[in-house]
Amino acid sequence: MQDAVDERRRRLLTNVALGLALLPLAAAPLKATAADLPLVAADDPMARALKYVADAGKSADAKPGSKCANCNFYQGAAGSAQGGCMLFPGKAVKSAGWCSSWIAKT
Ligand code: SF4
């Protein structure tokens with residue numbers, strides 16, 4: 001009886017260890033996908049509605065210093081040139097960009 005419990009315990013620990021070891025491999029394709037997202041096109045209807053610009057400095061509406069990189073909706077890594085945005089699923093925005101939904105990163 002005790003041998004069966006030990007065997008189940010050993011299998012469980014092996015499976016947990018294997019799962020933890022494979023976790024980075026599972027996350028790798030997600031990172032590559034985020035970097036490969038197509039940029040939001042200037043004529044994208046959502047981009048036009050939100051007055052998105054790839055360069056915040058070219059928007060008359062952007063508050064000084066506000067840009068995608070410091071927006072709460074920006075999903076790119078710190079220092080990235082571009083990244084995902086929660087308002088543009090499946091697309092990337094420039095970290096230097098801006099839109100009227102900008103809200104400070106918390
Ligand atoms: S919501 Fe934020 S990150 Fe997305 S485009 Fe607008 S300013 Fe950039």
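Predicted model: local features only at pLDDT ≥ 70, side-chain atom pairs only at ≥ 80, totals over all residues.

Visitor: What is the order of the elements from the N terminus on?
Guide: The order is α-α-β-β, with 2 helices and 2 strands. These are DSSP runs numbered from the N terminus: helices are H or I with at least four residues, strands E with at least two.

Visitor: Which residues come nearest to the ligand?
Guide: Cys68, Cys71, Cys85, Cys99 and Trp102 do, out of 13 residues around the ligand. A residue counts as near if its C-beta atom, placed from the backbone, lies within 6 Å of the molecule.

Visitor: And what does Tyr74 contact?
Guide: Leaving aside neighbours within four places in sequence, Tyr74 is in contact (C-beta atoms, placed from the backbone, within 7 Å) with Cys68, Ala69, Gly83 and Cys85.

Visitor: New topic: where is Lys51?
Guide: Lys51 is in the loop between helix H2 (45-49) and strand S1 (82-84). Its phi is positive, about 60 degrees, although Lys51 is not a glycine. Most residues other than glycine have a negative phi.

Visitor: Why is Lys51 called partly exposed?
Guide: Because 15 other C-beta atoms lie within 10 Å of Lys51. With C-beta atoms placed from the backbone, 20 or more others within 10 Å means buried, 12 or fewer exposed, and in between partly exposed.

Visitor: How much of the protein is buried?
Guide: Buried residues make up 22% of the 106 residues.

Definitions and conventions
Residues numbered from 1 in each chain as written. Contact = placed C-beta atoms within 7 Å.
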